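Here is a short briefing on selected strands, helices and side chains. Have the sequence and the model open as you read.

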Amino acid sequence: METTLPILSMSVAAAASAAAVLPKLKARIELSRAKHRSLAGHSKMSRRVAKLLPFYEFGENDYFSCDGAPANIAAQRKDGFFRLAALYAERYAKGRAMTKEAAEKISDLNFTESYRVPFQFSRLVREHLGTSTFVASSSGVTVTDVDGNTSYDLTGSYGVNIFGNDFYKECIEGAEKRAHALGPVLGPYHPVILENVQRLCQISGLDEVSFHMSGTEAVMQAVRLARYHTGRTHLVRFAGAYHGWWGDVQPGVGNPIPAHETYTLAEMSEKTLHVLRTRKDIACVLVNPLQGLHPNANAPGDSALVDSSRGGRFDRAAYTEWLKKLREVCDQRGIVLIFDEVFVGFRLAAGGAQDYFGVKADMVTYGKSLAGGLPVGVVCGKRELMRRFRDDRPADICFARGTFNSHPYVMTAMDEFLSRLASPNFRAVYEGLDETWNGRVQKLNGMMEDAELPVRFANFSSIWTVKYTTPSRYNWMLQYYLRAEGLALSWVGTGRLIFSLNYTDADFAEVAERFVRAAAKMKADGFWWHDGVLTNKQIKRQILKEMLSRRFRR
């Protein structure tokens, strides 16, 4: 009996420990299963992998033949490359000199100039295909650089430019006149803020508003308030989604410090919904509707265009169904659903993504276009979520402030924007919007197919991405042929094209012709040579071998 009792006690203790550990282990496994299998879904792993990747670059012998192309094709590519280089040197002389000077002092520009193409090719591109970062004027759907070159604008000012450059010029001009008497007096409000708040509450269908200086700040505050009111620690973001550059929403590559209160889960996944239903530490879910074009994939940029596997396809019905499921689970679990509309707000519909998808969020963040072209971030939310203090605990607050929040010029520019948006005549711009841009994509895809060119397009309304149908390591070159044809791109190249909604059919027809012409020239220069055998998988294996060889110096 004396021997049996200790054994029995140990058995009970072991069973109790197992009972305590097993649920945690189960939850951990379920969380892991809800992550997307790509590196975009595994933040810690992506950081480790990034630190292991060695730098290397191609020398003159293999720069134009790293895909196994024969000598005559490599020579053809080289001739095409330096023909473009001569054109760029002549066309962008002043702008290139200014860009080179600025890059020595502006760290942002130093970064973007280095990450326009895969790093193996970067040095030669920087030396010979450098472009002008400086523009002098804009008109309609075009921009003119400091050398006098006029190009069709496909940058959309990174999402700001929804209605055309002239529209925002008018907003800013009207704002300056209205705010001039007060000037940059900060702290007190300009009276126009009352109209802005009323309209924003009406548009968002929410109760209260707070103003910030950027979209990043707005998302930070929305998450902070969600944590404050739920008493929970973790936010959920989806693999590949961008919500600004602050640490909690950029837990992978690019953040020096790992995020500890962030779950990066797979979008459009039942396993993710199960995690939301079962965990007790989730304060909020962040949704960037732009991800509907490429769920669970990082923002497409030509610096990562190592093969032709870039995808993109927007299914409005499927994404709407996903958002409805999210809404239902968040309601059940008391999780705050946040729509990050900093990028897409007012581009899809006058009421934003909530209106477009027919799904209501608990909080919405806006930015970019809302202030008529000036910097701003806005949080709209339910009254109980926007409150920054507790009546019964006066020292328990959720602080957020900014010196330039509610700047008079920003507020008057916002009123100019919202006044136009409220006009019935102006709202006509949204009629048949999807049909218009879907039709344009189909037209240009047909033109590429007819010309037997390996370029295709996918779109989310007026936001496009370029895809490639032939396995190649040189797709990143297309951006330089496009610029030579007078198409202005952002630093991510062909990964994201953003059209303003004032593009006429005639404007678009000209852009389409230039796209086809650029792609045809690139093909003629041999950059889409293919031996009929090479696959995207083989390209990735070859890159892995190159990296391992460099890593271990073989």
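In which sense do strands E13 and E14 pair, and over how many bridges? The two strands, E13 at residues 455–460 and its partner E14, are antiparallel and share six bridges. The model is a predicted one.

**The three-strand sheet**

- The strand order is E13-E14-E16, the sheet is open, and its pairing is antiparallel.
- E13 and E16 are the edge strands; each has a single partner strand, so one side of each has no neighbour in the sheet.
- Strand E14 covers residues 463–468.
- Five of the six residues of E14 are buried, so the strand is mostly covered, with under 20% relative accessible area as the cut-off for buried.
- E13 and E14 form a hairpin with two residues between the strands.
- Ser461 in this hairpin adopts a positive phi near 60°.
- E14 also pairs with strand E16 (residues 497–498), through two bridges and in the antiparallel sense.
- Ile463 has Ile498 of E16 as its bridge partner.
- Helix H16, residues 433–450, lies across both E13 and E14.
- The angle of H16 to E13 is about 175°.

**The seven-strand sheet**

- This open sheet has the order E4-E10-E9-E8-E7-E5-E6, with mixed pairing.
- Its edge strands are E4 (208–212) and E6 (262–265), each of which pairs on one side only.
- On average, neighbouring strands of this sheet are turned by 20° against each other, direction ignored.
- E4 and strand E10 (residues 377–381) run antiparallel and are joined by five bridges.
- Within that pairing, Ser210 stands opposite Val379 of E10.
- Helix H9 lies across several strands, among them E4, E5 (234–238), E7 (282–287) and E10.
- Strands E8 (336–340) and E9 (363–367) are also among those that H9 lies across.
- H9 runs at about 150° to E7.

**Arg227 in helix H9**

- Which helix holds Arg227? Arg227 is part of H9, which spans residues 215–230.
- The Arg227 side chain makes a polar contact with the side chain of Asp248, at 2.8 Å.
- Asp248 is also on the contact list of Arg227, together with Arg232, Thr233, Leu235, Glu261 and Ala283.
- That list leaves out residues up to four places away in sequence.

**Asp67 in a loop**

- Asp67 lies in the loop between helices H2 (43–52) and H3 (71–91).
- Is Asp67 buried or exposed? Its relative accessibility is 10%, and the cut-off for buried is under 20%, so Asp67 counts as buried.
- A polar atom of the Asp67 side chain lies 3.2 Å from the backbone nitrogen of Ala69.
- Which residues does Asp67 contact, once neighbours within four places in sequence are set aside? They are Arg77, Tyr474, Trp529 and Leu534.

Notes:
Residues are numbered from 1 along each chain as its sequence is written. This is a predicted model: local features need pLDDT of at least 70, side-chain atom pairs count only at pLDDT 80 or more; totals for chains, interfaces and linings use all residues. Side-chain values use heavy atoms; hydrogens and water are left out. Buried means under 20% relative accessible area, exposed over 50%, partly exposed in between (1.4 Å probe, protein chains only). Helices (H or I, at least four residues) and strands (E, at least two) are DSSP runs, numbered from the N terminus. Two strands pair if DSSP finds at least two bridges between them. Contact means heavy atoms within 4.5 Å. Axes are lines fitted to C-alpha atoms, for helices over the stretch in contact, and angles run from 0 to 180 degrees between N-to-C directions. A polar contact is a pair of N or O atoms within 3.5 Å; within protein, one must be able to donate a hydrogen and the other to accept it, and residues adjacent in sequence count only if both atoms are side-chain atoms.
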